[in-house]
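Good morning, and thank you for coming.

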Amino acid sequence: MGVFIKVLVGVLVASGLVYAATGMIMSRAEVEALAIETTQKYFPKVDYQMLVTMAKIESSFMPTAKRYEVHLGDSSYGLMQVLSNTAYWLHTEMGYNKILNRAPNALDLMRPEVSMYYGAAYVNWLRTYGGVNRSEEWIVRSYNGGPNQFNNQTLNHWNKYKEAKGGLY
């Protein structure tokens with residue numbers, strides 16, 4: 001019986017269900033391993049350190065984080081705080097559908113590997129927005145406010161990102 005329990009717990013942890021069920025915070029090493037795996041498998045041109053830093057400032061490494069965005073009438077979920085409408089758009093219209101065979105819902109986005117995939121997909125899309133190779137600052141600020149939607153809030157987000165990245169790397 002003990003072996004069965006250990007295997008079951010291992011499967012739950014690997015699938016992200018333990019984080020979703022308990023509200024546990026992931027370690028930097030766990031987030032980094034997930035970011036490396038995601039970029040190597042799906043988005044080799046995306047910087048995994050950018051994803052780890054974004055996860056730190058977006059959710060404090062908490063996969064079950066949720067924030068209602070009043071001005072958008074939408075919520076952001078999970079490790080990467082991906083808006084549900086953005087994840088739906090990435091999946092259905094932009095072809096980022098390698099991890100799920102249907103558009104993600106809120107519970108899906110609270111699974112670390114799903115949130116990381118859609119966060120990385122959005123970064124990948126922003127990376128060459130409008131056919132132009134974009135800077136790290138442009139990507140981070142656009143991730144927060146939308147492409148070219150720069151204001152004091154996105155500048156504050158960029159400053160948080162730089163500070164977090166300095167502490168992580």
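This is a predicted model: local features need pLDDT of at least 70, side-chain atom pairs count only at pLDDT 80 or more; totals for chains, interfaces and linings use all residues.

Let us start with Gly119, which is found in helix α7; helices here are DSSP runs of H or I of at least four residues, numbered from the N terminus. Residues are numbered from 1 along each chain as its sequence is written, and side-chain values use heavy atoms, with hydrogens and water left out.

Is Gly119 buried or exposed? Its relative accessibility is 0%, so Gly119 counts as buried, a term that means under 20% relative accessible area with a 1.4 Å probe, protein chains only. Not counting residues up to four places away in sequence, Gly119 touches Leu51, Met80, Val82 and Tyr143, where contact means heavy atoms within 4.5 Å. Gly119 and Ala35 are 84 residues apart in sequence, yet their C-alpha atoms are 10.0 Å apart in space.

I turn now to the nonpolar core. The largest one has 38 residues, and Met54 and Tyr118 have the most contacts inside it. Such a core is a set of buried Ala, Val, Leu, Ile, Met, Phe, Trp, Tyr and Cys residues joined through side-chain atoms within 4.5 Å. At least two of its residues come from each of α3, α4, α5, α7, α8 and α9, and α7 gives the largest share, 9 residues. Leaving aside neighbours within four places in sequence, Met54 is in contact with Met80, Val123, Ile139, Val140, Tyr143 and Tyr161.

How does α7 sit against α5? The two helices pack at an angle of about 70 degrees, with their axes 10 Å apart; axes are lines fitted to C-alpha atoms over the stretch in contact, and angles run from 0 to 180 degrees between N-to-C directions. They are therefore roughly perpendicular, the word used for 65 to 115 degrees. From α5 the contact involves Thr86, Ala87, Trp89, Leu90 and His91, and from α7 Tyr118, Ala121, Tyr122 and Trp125.

Finally, consider Asp108 in helix α6, residues 106–109. At 5% relative accessibility, Asp108 also counts as buried. Its side chain makes a polar contact of 2.5 Å with that of Arg102, that is, a pair of N or O atoms within 3.5 Å, one able to donate a hydrogen and the other to accept it, with residues adjacent in sequence counting only if both atoms are side-chain atoms.

Conventions. Buried means under 20% relative accessible area, exposed over 50%, partly exposed in between (1.4 Å probe, protein chains only). Angles under 35 degrees count as roughly parallel, over 145 as roughly antiparallel, 65 to 115 as roughly perpendicular and the rest as oblique.
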